[in-house]
Amino acid sequence: MRQDTNNQVLLAAAAFRSKRERFKRYTYGDQWSDIVTDRHGRAVREGDLMTQSGASPLTNNMIRQIVKIVIGRYRSMCREDGSYDSRAVYVSDNALLELDCRMLEEFLISGCAVQRVCRESRRGQSRVWIDNVDPRMFFVNSYRDPRGNDIELAGMLHDMSLPEIVTRFAGGSRRRAAELARIYAMSATDEVFASQPSLGESDGNADDFFNAPAGRCRAIEVWTLDCRNTPLRHGRHEVKSLRAGNSGPARVSFRNGGTRRRKGEGLVTGRRTFDFVWHCRWFAPDGTLLASYDSPFAHGSHPFAVKLYPLTDGEVHSFVEDVIDQQRCINRMIMLIDRIIGTSAKGVLLFPIEQKLKDLSWEEITDAWSRSDGVIPIAGHGAQMPQQVVTSAADCGAYQLLSLQMKLFDNISGVSDVIAGRSVSPSTGNAVYENQLRNSVIALADLLDSFAAFRRDRDYKVDKL
């Protein structure tokens, strides 16, 4: 049963996660790991297939460069408009500009931006915390509204140390702490860093829903939009209804017969209505409920700021996805040019056999030919003389095609020379340059404005804490 549930959870967003991993590989230079079929029908890595055919897989990573250019432009825009200066408290505490730049990088790669906003105590400091959420650790129901108004379930996976688990969920009880240690089959003396991923390497266990890396405890945070039958109290001469909390008809009757009668106020009638409430549950991997509570935030919602781009028919298509094919074409053109240059004749000497002296060996001819002041005696027989052959690879059109692909790459990505700071003439006036820059940013305006909407949603939740 657990295995079936595990498969359902993993498959819910399997296509999105698979595409994200591919886009991430291309962004950071691993561009020959796609699975292809060789002539025998076997599935192999594309780079291995190239190697088997005698070619060396070459990469000219243009995607990483344009991602850095967009992030650099974003940093420049933030410095110009001072958008991170007015909220100095939580900005400085959370290094918010750095968090948002890394979040924008994820947004460009996968089309997904998720941050968790909460007020909690961490290492003795109780304040507002903003955390970037790894899309591999986040789950949400399938939704189509770009504003996220149809989100009904959201959550994430947490990997914590056992002391942090005890601090969060034991409530100061030794009995509860012992129960938590039993649930996770660990003790405070366990080796925390055993079998941890190496520094700078990706955690290969991140796609496992239930199992945390060695030495860590997996806690699953789940927020659901629950429908609840809520009691209300309503004054007959009042304009609005007032929530009665947990009060029932008996308490309403008491108020009717007491204070309100003495004051001559209208009677209060009790009724119940259905309302939506965001509710949080924390689970251990074995299904044990660690904590359960309604949303404690003033905004009354879950703590996640979520933006999927562009969410057309519920689909996600990232910035990097648009330039993958152009990057592949550029890599192939570079390999083609390298092969042409490698197989073309470069200074080959054609030496007629009848012109060779009997006392002169081919090694001596080769040695004399390689010297700048070498002399090669010939027999003088026949009309054909020794000649050097040099083949030009410039006429095959590969260089022109590579240049075309590079221009198409810039046009498709929308990152022009002006944004990148390339090919700017010193004679260009400041006003002309600023106008060119504004026009160039138009291609990125939709993406950057969507990220700005994500930030506004995040800031709203921060303001309500």
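Helices (H or I, at least four residues) and strands (E, at least two) are DSSP runs, numbered from the N terminus. The expected span of a helix is 1.5 Å times one less than its number of residues. Helix H6 has 15 residues and reaches 21 Å from its first C-alpha to its last, close to the 21 Å expected at 1.5 Å a residue.

The model is predicted, so local features need a pLDDT of at least 70 and side-chain atom pairs count only at pLDDT 80 or more, while totals for chains, interfaces and linings use all residues. Residues are numbered from 1 along each chain as its sequence is written, and side-chain values use heavy atoms, with hydrogens and water left out.

The protein chain contains 15 helices and 15 strands. A residue is called buried when its relative accessible area is under 20%, exposed when it is over 50%, and partly exposed in between (1.4 Å probe, protein chains only). Of the 465 residues in the protein chain, 38% are buried. A contact means heavy atoms within 4.5 Å. Among contacts in the protein chain between residues at least 6 apart in sequence, 68% join residues at least 24 apart.

Helix H6 can now be examined in more detail. H6 is mostly covered, with twelve of its 15 residues buried. Among them are Leu96, Leu99, Asp100, Cys101 and Met103. Leucine 108 also lies in H6 and, at 0% relative accessibility, counts as buried. What does leucine 108 touch, not counting residues up to four places away in sequence? Its contacts are Val67, Val70, Ile71, Ser318, Phe319, Val320 and Leu447. Leucine 108 and valine 70 are 38 residues apart in sequence, and their C-alpha atoms are 8.9 Å apart in space. Just after H6, glycine 111 takes a positive phi of about 75°.

The next topic is the packing of helices. Two packed helices are described by the angle between their axes and the distance between the axes. Axes are lines fitted to C-alpha atoms, for helices over the stretch in contact, and angles run from 0 to 180 degrees between N-to-C directions. H2 and H6 (residues 96-110) pack at an angle of about 110°, with their axes 8 Å apart. That angle makes H2 roughly perpendicular to H6, given that angles under 35 degrees count as roughly parallel, over 145 as roughly antiparallel, 65 to 115 as roughly perpendicular and the rest as oblique. On the side of H2, the contact is made by Phe16, Arg20, Phe23, Lys24 and Thr27, and on the side of H6 by Glu106, Ile109 and Ser110. These residues divide into three nonpolar, two polar and three charged. In this grouping Ala, Val, Leu, Ile, Met, Phe, Trp, Tyr, Cys and Pro count as nonpolar, Asp, Glu, Lys and Arg as charged, and the others, Gly among them, as polar.

Helix H11 (residues 324-343) has 20 residues and reaches 29 Å from its first C-alpha to its last, close to the 28 Å expected at 1.5 Å a residue. Its buried residues include Ile324, Gln326, Arg328 and Met333. The buried residues of H11 pack against H2 (14-27), H3 (46-52), H4 (62-81) and H13 (398-413).

The cysteines come next. A disulfide is a covalent bond between the sulfur atoms of two cysteines. Here the term is applied to a pair of cysteine sulfur atoms within 2.5 Å. A search of the whole structure finds zero disulfides. For cysteine 78, the nearest cysteine sulfur is that of cysteine 101, 6.5 Å away. Cysteine 78 is buried, with a relative accessible area of 7%, and cysteine 112 is buried at 3%.

A cis peptide bond joins tyrosine 309 and proline 310, with omega about -5°, and proline 310 is placed in E12. Is leucine 311 buried or exposed? Leucine 311 is buried, with a relative accessible area of 5%. Aspartate 313, found in the loop between E12 and strand E13 (315-316), has a positive phi of about 55° although it is not a glycine. At 59% relative accessibility, aspartate 313 counts as exposed.
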